[in-house]
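Please look over the model below.

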Amino acid sequence: MINEKICISMLLGHAVADAAGVPVEFTKRQRLKEKPVVDMRAYGTYDQPAGTWSDDTSLTVAAMESMTRLKKIDYEDILKNFLEWYNDDKFTATDETFDCGNTTAEAIANFRKGIEPLHCGPTQDFSAGNGSLMRISPVAMYLYLTRGKNLDAAAMETVHNFSSITHGQKRCLISCGIYCLIAVEIFDGKDLKVAISNGLANAKKFYENLREFEDTLKNFDRVFDKNFAGLPEDEIKSRGYVVDSLEAAIWCLQNTDNYKDLVLKAVNLGGDTDTIAAIAGGLAGAFYGLENITEKWLGVLKKKDYLEKMAADFYNAFK
C-alpha cells in the first residue's frame, strides 16, 4: 500500500534522477561511453550547480501543489501554476526557469489565449513529446490513494486529461496510461519486474478495447513484446519522442536492480537524459524506497526539504 514515505521517495527519486541528467542533456551516447556519468555532476548543458532539477520536476511539483491545495484535480488551476513557472520562475530548483519543451510552451501559450484547458495540448504527430509523461506521477499516486489499484475507464480518462493540458497526441495519452498502470502495481507491493509486466499487460488489454486508439497502439508493439527487456542497448533510442522515452525508461528499469545503477544507465544513454532518468527514477524511487536513493546525491539535491514537504502534504491531502 502507498504511504507518505513512498510518495516522498517517488518525488525525490524523480528529482534526483532529473538532476543527474541535467548537466549532460543532448550529449551523444558515444561521448558518454568515452566519459560516462558516474556521479552527480555540475554545470554542463545548462550551466547549473550540482543537484539542480529541471522542468521535469518543476511541472510535477506545480501540478502537485495545485492538487494538494484544492484537494482535487483542477486542470485550469494546474495550468495557472505552469504559467507561473514559465513566466515567474516559480516551482524551480534555483529560482530560474530553463529547458521548456516546445509543445509545453505552445500549450501554455494556448492557455494564455483563453483556450479551454483540455484543448491546450497540441495533438499533431510532431507534438508526441515526453512532456506530459515526465509529470504524470502525481496522477498515479492520486488515483491509487482515491480509487485503489484497479484503474477503470474513468480513472484512465483522468490520466488522458492530465496529459492533454499540454500533450494531446494519442501516443502521449497511452504512454501516460502505461506509466500509471505500472505505478499502481508498484504501490500494490509487486516486485518491480512483475509490476512492469502486469502494468504493460493491463495497458495492452485496456487500449485494445478502445477503437479510438486502434491505429495508435501499434506504436507500442515493441514495449509490449515479452522479449523487450532483452534488446541490446544500441536498439534503445533515448530521444524526446514519447514512445522512445517510455521504452528507454522501462528498459533501464528492467535491466538494473538498484536505484543508483538505474539512474546511471538512463543518463548514460545520452540524448534526453534528464527526462528519461526522471521517468524511470520516479518509479524506481517508489519501488526501492528513500533509503536506497544515493545519500550523496540527496545531499546536493536543491530544495530537498521543499520537495519532501510537497510530497508529504500531497499524501495527507488524499490519504
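## Helix contact

Which residues in H1 meet which residues in H13? From H1 come Ile 6, Ser 9, Met 10, Gly 13, His 14, Ala 17, Asp 18 and Gly 21. They meet Thr 273, Asp 274, Ala 277, Ala 278, Gly 281, Gly 282, Leu 283, Gly 285 and Ala 286 in H13. Contact means heavy atoms within 4.5 Å. By class, the contact of H1 with H13 has seven nonpolar, eight polar and two charged residues. Ala, Val, Leu, Ile, Met, Phe, Trp, Tyr, Cys and Pro count as nonpolar, Asp, Glu, Lys and Arg as charged, and the others, Gly among them, as polar.

## Basis

This is a predicted model: local features need pLDDT of at least 70, side-chain atom pairs count only at pLDDT 80 or more, and totals for chains, interfaces and linings use all residues. Residues are numbered from 1 along each chain as its sequence is written, and side-chain values use heavy atoms, with hydrogens and water left out.

## Helix geometry

H1 spans residues 4–21 and H13 residues 273–288. Helices are DSSP runs (H or I, at least four residues), numbered from the N terminus. The two axes come within 7 Å and cross at roughly 155 degrees. Axes are lines fitted to C-alpha atoms over the stretch in contact, with angles from 0 to 180 degrees between N-to-C directions. H1 is therefore roughly antiparallel to H13 (angles over 145 degrees).

## Cysteines

The structure holds zero disulfides (pairs of cysteine sulfur atoms within 2.5 Å). For Cys 7, the nearest cysteine sulfur belongs to Cys 180, 13 Å away.

Terms used:
Helix = DSSP H or I, 4+ residues; strand = E, 2+ residues; numbered from the N terminus. Parallel < 35°, antiparallel > 145°, perpendicular 65-115°, else oblique.
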